[in-house]
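This report covers selected features of one protein structure. The sequence and coordinates are shown first.

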Amino acid sequence: MSPAPDQRDRIRAAMNRIFTGIPQHSNDALTIVALATEAGVPRNALTQRHLDLKNEFYEKVRDRGETPDAEKRLRKQVVKLKELRAADAEEIQQLRSDVEALVGALHQSQMENRQLRQQLTDRPSNIRVFPTQPQPSPRAIVPRVHVAPSADG
């Protein structure tokens, strides 16, 4: 399926209207979307069928000393992403520092726990040391079953 014969002419005419500042069907944005709207063609006509016209449009934009709107948006996005990346790197560094501090605190509490347990085992035998985990009582293990005497006997 070939494009309509006048499609390229409409695109070129739309370029001229945009560059002269008198667009009829779009804003004067220097974008492919505005060019496609101004020419009355689908955007993919420029991005897939008429790549040469799309490139020519962007060349003319640069020749005028301007930056295409799409490039401006991308540059802003790059700046924002770099800022986010820097903030993330700072947060990661803080989290690493926090992890080191928490590991140190955990180690310290484990050492203190060991020392306290050792002190408990070194004390006289009249002090009762609680087990580390509760043990079930024998009554809880073997349930009592009451058997009623039979009528036979």
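The sections below describe a predicted model, taking helix packing, aromatic rings and one arginine in turn.

## Packing of α1 and α2

Two packed helices are described by the angle between their axes and the distance between the axes. The crossing of α1 and α2 is right-handed.

On the α1 side, the contact is made by R10, I11, A14, M15, R17 and I18. Their counterparts in α2 are A34, L35, E38 and A39. Sorted by type, the residues of this contact comprise seven nonpolar and three charged, with no polar residue.

## Aromatic residues

Across the whole structure, a search returns two aromatic pairs. One of them joins F57 and Y58, with ring centres 5.7 Å apart and 55 degrees between the planes, and is tilted. F57 and Y58 also belong to one aromatic cluster with F19.

Are F57 and Y58 buried or exposed? F57 has a relative accessibility of 0% and therefore counts as buried. Y58 counts as buried too, because its relative accessibility is 16%, under the 20% cut-off.

## Arginine 49

R49 is part of helix α3, which covers residues 43-49. Its relative accessible area is 40%, so R49 is partly exposed; that class lies between the 20% limit for buried and the 50% limit for exposed.

R49 and R8 are 41 residues apart along the chain. Their C-alpha atoms are separated by 9.9 Å.

Conventions:
Residues numbered from 1 in each chain as written. Predicted model: local features only at pLDDT ≥ 70, side-chain atom pairs only at ≥ 80, totals over all residues. Heavy atoms only, no water. Left-handed = near helix turned anticlockwise from the far one by under 90°. Helix = DSSP H or I, 4+ residues; strand = E, 2+ residues; numbered from the N terminus. Contact = heavy atoms within 4.5 Å. Nonpolar A, V, L, I, M, F, W, Y, C, P; charged D, E, K, R; others polar. Phe/Tyr/Trp six-rings, centres within 6.5 Å; stacked < 30°, edge-to-face > 60°. Buried < 20%, exposed > 50% of the residue type's maximum accessible area, 1.4 Å probe, protein only.
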